[in-house]
Amino acid sequence: MRENPFHEGDIVQHFKRELHSEGNMYLYRIVGTAVHSETREELMVYRALYGSMKLYARPLPMFLSEVDHEKYPQIRQQYRFEIYQGKGASTHE
C-alpha cells in the first residue's frame, strides 16, 4: 500500500470524475483517518462536496489503491483518489 499522501481539509477527486463533466461531481474533502473500534482497521473519512454532502468512510488500503485500468482503460488517473488540482484545492507544503 502506498503511503497516505492526504491531510485533513484536502480536496480529492475520485477517478470516476473523469467520466463525467458535471462540475464538482465526485469531489470530496478529507476529514481524516479513523480506527474501527472493534476490528482496529484504519479508515479514511471524507465528505462529499456535492448533493447532500454525505460523510463516508472507506478502508484506508482501498482508498489509497490504484485504479483498475483493465476494467477502466479510459481513465488517466493512477489512483482511486488523488488531490484535486482545480479551484479551491488546498495544499500542504
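Tutor: What follows is a walk through the sheet, strand by strand, and then through the core and the loops.

This is a predicted model, in which local features need pLDDT of at least 70 and side-chain atom pairs count only at pLDDT 80 or more, while totals for chains, interfaces and linings use all residues. Residues are numbered from 1 along each chain as its sequence is written, and side-chain values use heavy atoms, with hydrogens and water left out.

The protein chain has 1 helix and 5 strands, where helices (H or I, at least four residues) and strands (E, at least two) are DSSP runs numbered from the N terminus. Along the sequence these elements follow the pattern β-β-β-β-α-β.

Strand E1 (residues 11-14) is joined to E2 by 3 bridges and to E5 by 3 bridges. Ile11 and Gln13 point one way from E1, Val12 and His14 point the other way, and all are buried, a word that stands for under 20% relative accessible area, with exposed meaning over 50% and partly exposed in between (1.4 Å probe, protein chains only). Isoleucine 11 stands opposite arginine 29 in E2, and arginine 29 in turn stands opposite arginine 47 in E3. Strand E2 (residues 27-35) and strand E3 (residues 42-48) run antiparallel and are joined by 7 bridges.

Glutamine 13 in E1 counts as buried because its relative accessibility is 16%. The bridge partner of glutamine 13 is glutamate 82 in E5, and the side chain of glutamine 13 makes a polar contact with the side chain of glutamine 77 at 2.9 Å. Such a polar contact is a pair of N or O atoms within 3.5 Å; within protein, one must be able to donate a hydrogen and the other to accept it, and residues adjacent in sequence count only if both atoms are side-chain atoms.

The largest nonpolar core has 11 residues in all, including Val12, Ile30, Met44 and Phe63; a nonpolar core is a set of buried Ala, Val, Leu, Ile, Met, Phe, Trp, Tyr and Cys residues joined through side-chain atoms within 4.5 Å. The elements that give two or more residues to this core are E2, E3 and helix H1 (60-63), and E3 gives the most, with 3 residues.

Two loops complete the picture. Arginine 40 lies in the loop between E2 and E3 and is exposed, because its relative accessible area is 59%; its phi is near 70 degrees, a positive value in a residue other than glycine. Methionine 53 lies in the loop between E3 and E4 and counts as partly exposed because its relative accessibility is 38%; its phi is near 55 degrees, again a positive value in a residue other than glycine.

Methods:
Two strands pair if DSSP finds at least two bridges between them.
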